[in-house]
Each structure stands twice: as C-alpha cells, then as structure tokens.
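Open the structure in your viewer and keep the selection tool ready. The tour goes from one selection to the next.

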Amino acid sequence: MTTTPPYIPPEAPQRPPPAADGLVSAARRNLREMAHGLAHPSHPPVPPLANASKRWRRLLPYIAVLVLAAIFVPVTLNVLTNEYGMAEGLAGLLAVAQTAPLLMLAHRPLQAWWIIFPADIVGALVLLRYQEPQMAVWPWPPPTLIAYLFVMLAVALRETRRTVVSVWALTAVASLVLHLGGTDRSNGTAGLLPAFGAVFMVIGAVIRERGDVQRRLAEQETISEAERAQRTLLEERARIARELHDVVAHHMSVITVQADSAPYRISGLPEEAHEEFAAIAASARESLTEMRRLLAVLRSDGTQGERAPQPGLDRVQQLVEATVRAGLPAELSLSAGLPDVPQAVDLSAYRIVQEALANVIRHAPGARTRVSITSDGAHLTVLVVNDRAEQPDSPLETAGTGHGLVGMRERVRLTGGTLDTGPLPDGGFRVAARLPLTPATPPPPSSEDS
C-alpha cells in the first residue's frame with residue numbers, strides 16, 4: 001500500500017529587510033549621481049581667468065597647457081622608447097594619447113581625463129608585453145604619472161566634490177587592479193598615483209572652494225550695497241515727502257482760511273460766491289486730510305515730524321557759520337538779488353548745501369570750501385567746491401558709499417533740475433546743482449522705481 005507524501009508548498013523568496021532596501025537604493029542613487037557627474041561637466045567650457053581685466057591674465061591658462069603639452073609629449077615618447085624599449089610608432093601613439101589632451105585642461109579638464117585615463121591604462125597593459133627594464137616603474141611610468149597629476153589638479157579646480165572623489169576612486173581602483181594583475185612587474189609603485197593624486201586633488205579642491213567663497217562674498221557685498229543704496233533712496237524720498245507736506249500744507253491751510261473768511265471780509269457777495277468759497281474750503285480741508293493720512297504711512301516707523309519750520313536759503317548763512325565753527329574753512333557767496341524761490345526749490349537748495357558740507361567734513365577735513373548760490377532768473381545754481389585736504393590728519397571716512405549723493409540726485413530730479421558732481425584735477429570735489437524756478441514737468445519714473 002503506497003501513501004502519498006503530504007504537499008509542502010514552496011518557500012516564498014525572502015525579501016531583504018527594509019534597511020537593506022534603503023542601503024541598496026542609496027547606493028544606486030549615489031552611483032547614478034557619480035556617473036552623471038563624470039559625464040556632465042559642472043562648468044561652461046571657458047578657462048579659469050576668462051573674466052580677468054588684463055589680456056595677459058586671460059592668456060595664462062592657454063600658455064600653461066601649451067607648456068605642459070610641449071614638455072610631456074617628447075618626454076613620454078623618449079621614456080617609452082629608450083627606457084621601456086617600445087617601438088617608436090606605438091610609443092608615439094601612446095605618448096600623444098596620454099599627453100596631447102593636456103591642451104584641454106584650460107577649458108575641458110573632465111573631457112581630457114576621459115581620454116588620458118583610458119590611454120594610461122592601455123599603456124600599462126602594453127608595457128606588460130615588453131621586457132622589464134632595470135629600473136622599472138609600472139604601471140605608471142614617471143612622465144605618465146606626473147602628467148596625470150596635473151589632470152587631477154585641473155579636475156579638482158573646476159569640478160564638484162562628488163566628481164573629484166569619483167575621479168580619484170576610479171584611479172585608485174585601476175591602480176589596484178593593475179597591481180593585482182601584474183604582481184611580478186609591480187614593485188609597489190602602483191600606489192604612488194592614488195597617494196599623490198589625493199594630495200593634488202585636496203589642494204585643488206581647497207583652492208576652488210576658497211574661490212567660490214570669495215566670489216559669493218563679493219556677490220553678497222554687491223547685493224548688500226545695492227540694498228543700502230535703495231534703502232537710502234527710499235528714506236530720502238520719505239524725508240522729501242514729509243518736508244513737501246509741510247510746505248504744501250502751509251499753502252493749503254492759507255487757502256482754507258482765506259476761503260472761510262472771504263464772505264466776512266468781502267461784503268455784498270452773492271449766494272453763489274458764498275457756496276463757491278465754501279466748496280473751496282471743503283476741498284482744501286479734504287486735501288489736507290488726505291495728505292496727513294499719507295504722511296502717517298510714511299511715518300509708520302514711529303518717527304515724529306519736525307516742529308520747526310523747514311529751512312531755506314535764508315538759513316544757509318547760519319549753516320556755513322556753524323560749519324566754520326566746526327573747523328572747516330568755508331566761504332559763502334549769496335547773490336543779493338535772488339528772485340522769489342519756490343519753497344520746494346528753497347528747501348532742496350538748503351539740503352544740497354547741507355549734505356555737501358557734511359561730505360567735506362567727513363572725507364576732506366580742513367579743506368577750504370566755497371559755497372556759491374546764484375540765479376539767472378530762470379534757474380537757481382548751487383555750487384559747493386572744496387580743495388584737497390591740507391591737514392595731515394586722516395579723513396573721518398576713507399571711502400564713501402555715495403548714499404549722500406543719492407539723496408542730492410533725488411531732490412534735484414524731483415524738482416526737474418540737474419546735478420553735476422565729481423572730483424577736480426587738484427584733488428578737490430565739486431557739487432553743482434541747477435534748479436528751475438518755475439514748475440517743471442514731473443520727470444518720468446526711473447527704472448529703479450519699478
């Protein structure tokens with residue numbers, strides 16, 4: 001009697017634990033990224049000093065690679081033929097393949113590595129067919145090793161850290177495989193290339209990362225300077241708006257008072273005139289309310305408005321005298337027959353003189369300064385000229401930011417005038433503003449307003 005053995009289901013294949021899955025996926029991802037880094041250069045095909053200001057600096061990378069190729073092509077050919085006994089034709093092909101791509105190091109170092117690295121491996125395999133010389137260095141003959149170090153340095157200077165590590169790892173693996181495959185020919189020199197290559201790549205990576213940090217710092221300083229200039233411009237515009245509010249508010253208040261008091265000062269006005277004056281007074285009050293609301297937005301940072309009247313040309317004399325008391329020899333030439341100056345122009349002229357004198361005190365202490373304010377009937381000309389500082393003391397500020405000039409230009413632009421500033425041949429400085437005395441068409445918004 002036969003019995004049927006019980007059915008035993010096949011064992012299901014065991015899945016690796018989740019941790020192993022994570023390690024495998026991470027390894028695959030790293031390999032893909034390494035392959036992508038080796039196949040795609042991280043920089044455009046331009047030499048390192050392409051943006052240098054001087055021509056001879058831009059030519060340095062090309063001169064360097066020409067010198068390298070001119071040295072290593074004949075040296076490699078001579079070593080392969082005389083030291084290793086290789087045929088001249090084959091030695092010439094290997095020498096060109098191993099050293100001519102050095103010409104690409106200036107702009108395409110990774111592509112040069114892709115040519116030189118296989119050529120060096122092929123050369124090492126070819127050398128196995130020839131009799132071992134008395135002083136053998138295998139698998140990397142001396143000129144091949146030194147040229148390859150320059151390739152690794154160029155790659156480290158231009159490529160990312162991942163690509164640099166990948167190049168070194170492949171070089172180390174190739175050296176190990178050749179050493180194990182030709183132990184009778186390798187006397188320990190196979191480890192020279194990975195060892196020296198690691199040093200060269202670390203040096204190149206440090207130089208490259210240092211350059212990247214300096215470039216980012218320079219970009220950040222440029223951005224910060226632009227932001228400071230923009231902030232100064234906005235602060236100056238807010239200040240101008242506050243000052244113009246005080247000027248315009250005075251006139252609007254006068255209009256309101258005159259419109260309200262006109263029916264009592266002028267007798268016999270018809271009812272329509274009473275209503276017209278009342279409408280004028282109401283419009284003036286509404287305008288004042290809107291201006292105060294706008295000013296409240298400008299003063300949202302908690303600043304308080306000035307209680308004193310806004311200064312003008314009548315206070316320039318006091319400003320110059322205060323500057324003289326501060327130790328700056330200054331002279332004022334103010335035309336006696338100045339016409340009526342609009343309050344906005346009057347205030348702008350005072351602020352320009354104030355800022356120009358402050359700049360002289362900061363950057364050229366003790367320099368003789370001349371302030372001149374004249375008019376041709378249509379324009380008001382403000383001129384502030386200072387000589388070179390004659391005092392041996394160092395200036396309070398060695399380098400200006402130009403933010404004071406930003407405020408001057410904004411005031412002149414908003415009044416429809418022109419501003420001319422710049423150094424003088426004798427070492428002094430000039431600030432010349434020309435402001436129209438009649439209302440000008442508002443200037444179009446500049447690109448910085450958008």
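How do the residues of the lining of the largest cavity divide into nonpolar, polar and charged? There are 7 nonpolar, 3 polar and 1 charged. Keep in mind that this is a predicted model.

**Stop 1: the cavity**

To see this lining, select L80, M86, L94, Q98, D120, G123, A124, L127, P139, P141 and T144. Two elements give two or more residues to the lining: helix 3 (88-99) and helix 4 (109-127). Helix 4 gives the most, with 4 residues. The space inside is about 50 Å³. A search of the whole structure for cavities of 30 Å³ or more finds 1.

**Stop 2: aromatic pairs**

Next, look at the rings. The structure holds 4 aromatic pairs. Select F72 and F150, whose ring centres are 6.1 Å apart. Their planes stand at 65 degrees, and planes over 60 degrees apart count as edge-to-face, so this pair is edge-to-face. F72 is in helix 2 (residues 55-83) and F150 in helix 5 (residues 142-158), so the pair links distant parts of the chain, 78 residues apart. Are the two residues buried or exposed? F72 is buried, with a relative accessible area of 8%, whereas F150 is partly exposed, at 31%.

Now select F117 and Y148. Their ring centres are 6.2 Å apart and their planes are at 45 degrees, so the pair is tilted. F117 belongs to helix 4 and Y148 to helix 5, so the pair ties together parts 31 residues apart in sequence. Both F117 and Y148 are buried.

**Stop 3**

Centre the view on L105. With its neighbours within four places in sequence left aside, L105 is in contact with V65, L68, A112, F150, V151 and A154. F150 is also one of the two rings in the edge-to-face pair from the previous stop.

Methods: Residues are numbered from 1 along each chain as its sequence is written. This is a predicted model: local features need pLDDT of at least 70, side-chain atom pairs count only at pLDDT 80 or more; totals for chains, interfaces and linings use all residues. Side-chain values use heavy atoms; hydrogens and water are left out. On a 1 Å grid over the protein atoms alone, a cavity is a set of points where a 1.4 Å probe fits but cannot get out, and a pocket is an open set with protein on both sides within 12 Å along at least five of seven lines; lining residues have an atom within 4 Å of a point. Grid points are joined across faces, edges and corners, and a volume is the space filled by probe spheres set on the points. Ala, Val, Leu, Ile, Met, Phe, Trp, Tyr, Cys and Pro count as nonpolar, Asp, Glu, Lys and Arg as charged, and the others, Gly among them, as polar. Rings of Phe, Tyr and Trp (its six-membered ring) pair if their centres lie within 6.5 Å; planes under 30 degrees apart count as stacked, over 60 as edge-to-face and the rest as tilted. Buried means under 20% relative accessible area, exposed over 50%, partly exposed in between (1.4 Å probe, protein chains only). Contact means heavy atoms within 4.5 Å.
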